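Opening the notebook on a new model today. I want to look at the metal site first, then at the packing.

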Amino acid sequence: MQTLEKTEPKLVQLKTLLTEINDIESAAALLYWDQATYMPPEGTAARGRQLATLTQIAHAKFTDPQIGQLLEDLRPYEQSLAYDSDEASLIRITRHDYERAVNIPSSFTAKFSQHTAECYEVWAKARAANDFAAVAPYLEKTLELSRELANFFPGYEHIADPLIADADYGMTVKSVRSLFTQLRQELVPIVEAIASQPVADASCLHQHFPEAEQLDFSLKVIEQLGYDFQRGRQDKTLHPFMIKFSTGDVRITTRVRENDLNEGLFSTVHETGHALYEQGVSRNYEATPLAGGTSAGVHESQSRLWENMVGRSRPFWKFFYPQLQETFPQQLGNVDVETFYRAINKVERSLIRTDADEVTYNLHVLIRFDLELQLLEGKLAVRDLPAAWNERYKSDLGITPPNDSSGVLQDVHWYGGAIGGAFQGYTLGNLMSAQLFAAAAQVHPEIPQQIASGNFTTLHDWLKQNLYQHGRKYTAAELIQRVTGSPLQIEPFISYIKQKFGELYGI
Ligand code: ZN
């Protein structure tokens, strides 16, 4: 980015302003991290205010007409320079963010965040009390506000398009729905076939595993995967997440259950996948809008690639299982690697999305995606949502939730944000992870063998080279096409599932 900066002071001016905004946002992020890890409970009210203040300052600075003017003045470069040059990309992506930010009036943002804060509080109680009716009026208001939000972006084909674009820019209801419809047709019969087989025995994972040993082991694992502890750290939290303050400080959080080995280990590897992506973004983009993962879907593709395609694979445990047995000799000394492998890949029809296995997980997401579209289209009323939810669980997963707490009230998304745009990324990520892994393995067929000897460098380098370093330069669709040579498809994921679980369940 240095060449144009030497001759164009307006680019320098833009970058200076963007850096200031980034610094305020990073400070807010650090306050959030502290709140979720170490802050004493009595700090909550003041912390909420501090976060709101910083967010407002950053928003006001970013939507200042000065930014719009600079972008306008720099527009000729965006057109004359190569599309994938750093300069043209910086101007393009900043303009995209700017136009989105100025389209939404700040009065609406204030109204919306006040409403979602209230709705969240009511939901938390309603979920505990299994009382959907208590939160229904709030959800109706959320639906109304979600439509209002979408309508700040006229010209859409489907009312959910602007909401989807916020998380997965470049994706639309049309493109996502066509993938998801095919995916459902493939997955439902696979789940039925597996359900007709004996359930895998996962009891070896549900013994007592002391927290300190679990944490030690998972830290050893992620260091080997390539997580850079000079540029990151792990702490404990209630709901694990990855957070970035700069390319030099990308942190992860985890939670451990002493009676479930799955929880801590795989959530750590999952968040590490997100973190490897952020640690791999080019340092040239530091503190600009280019410095970050390009979409919710691509981000999730990296957490799921490392968690599932690597972390739940045979080669991975061929290498790590002896170390795990050494860490827990009493619990696992007499459990062979095959029993362990089958346990961590147990498939079952279950009610809770976040606990679901690789095969059934996407069906949970597809149900939510379809229902939120129906809500936004006005084809489904909020009061009829629980019944519609239960019906889809029956038809797609073959089970009916015994109550709304383990049904329609289980996820925070609709109750703490907009209805629309928050779920599709999970499944897009799973589809992308399979297509990307297949592309890497085609160029480097030695990858599985390397994983079996604890060597993750080839895979990690390939991802850095092809994906991570680009940050937000390319959209998800552009990246997938560039890296794999074709648009996003369901085939790589389906063939991965069929191969892995067909072998495990003899189907
Ligand atoms: Zn994730």
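Before I write down any spacing: donors here are N, O and S atoms within 2.8 Å of the metal, and water is not among the atoms, so a site may look incomplete. I also note that this is a predicted model.

**Zinc site.** I looked up what holds the zinc ion and found His270 (NE2), His274 (NE2) and Glu300 (OE), at 2.1 to 2.3 Å. Along the sequence, I read the spacing of these donor residues as H-x3-H-x25-E. His270 sits in helix 11 (residues 261-279) and Glu300 in helix 12 (residues 296-310), so the pair links parts of the chain 30 residues apart.

**Buried or exposed?** His270 comes out at 12%, so I log His270 as buried. Glu300 has 9% relative accessibility and is buried too.

**Core.** The largest nonpolar core has 129 residues, and I see Phe132, Trp306, Trp317, Trp414, Tyr415 and Leu459 touching the most other members. Another core lies apart from it, with 21 residues, including Leu11, Leu17, Phe62 and Val281. I then picked Trp317 and listed its contacts beyond four places in sequence: among them are Phe217, Leu265, Arg312, Pro322, Phe340 and Ile344.

**Helix 15.** Which residues of helix 15 (residues 337-344) are buried? I get Phe340, Tyr341, Ala343 and Ile344. Viewed down the axis of helix 15, they fall within an arc of 160°, so they line one face of the helix. I find these buried residues packing against helix 11, helix 13 (314-327) and helix 23 (491-505).

Terms used: Residues numbered from 1 in each chain as written. Predicted model: local features only at pLDDT ≥ 70, side-chain atom pairs only at ≥ 80, totals over all residues. Heavy atoms only, no water. Core = buried A, V, L, I, M, F, W, Y, C linked by side-chain atoms within 4.5 Å. Buried < 20%, exposed > 50% of the residue type's maximum accessible area, 1.4 Å probe, protein only. Contact = heavy atoms within 4.5 Å. Donors = N, O, S within 2.8 Å, 3.2 Å for Na, K, Ca; no water. Helix = DSSP H or I, 4+ residues; strand = E, 2+ residues; numbered from the N terminus. Arc of directions from axis to C-beta.
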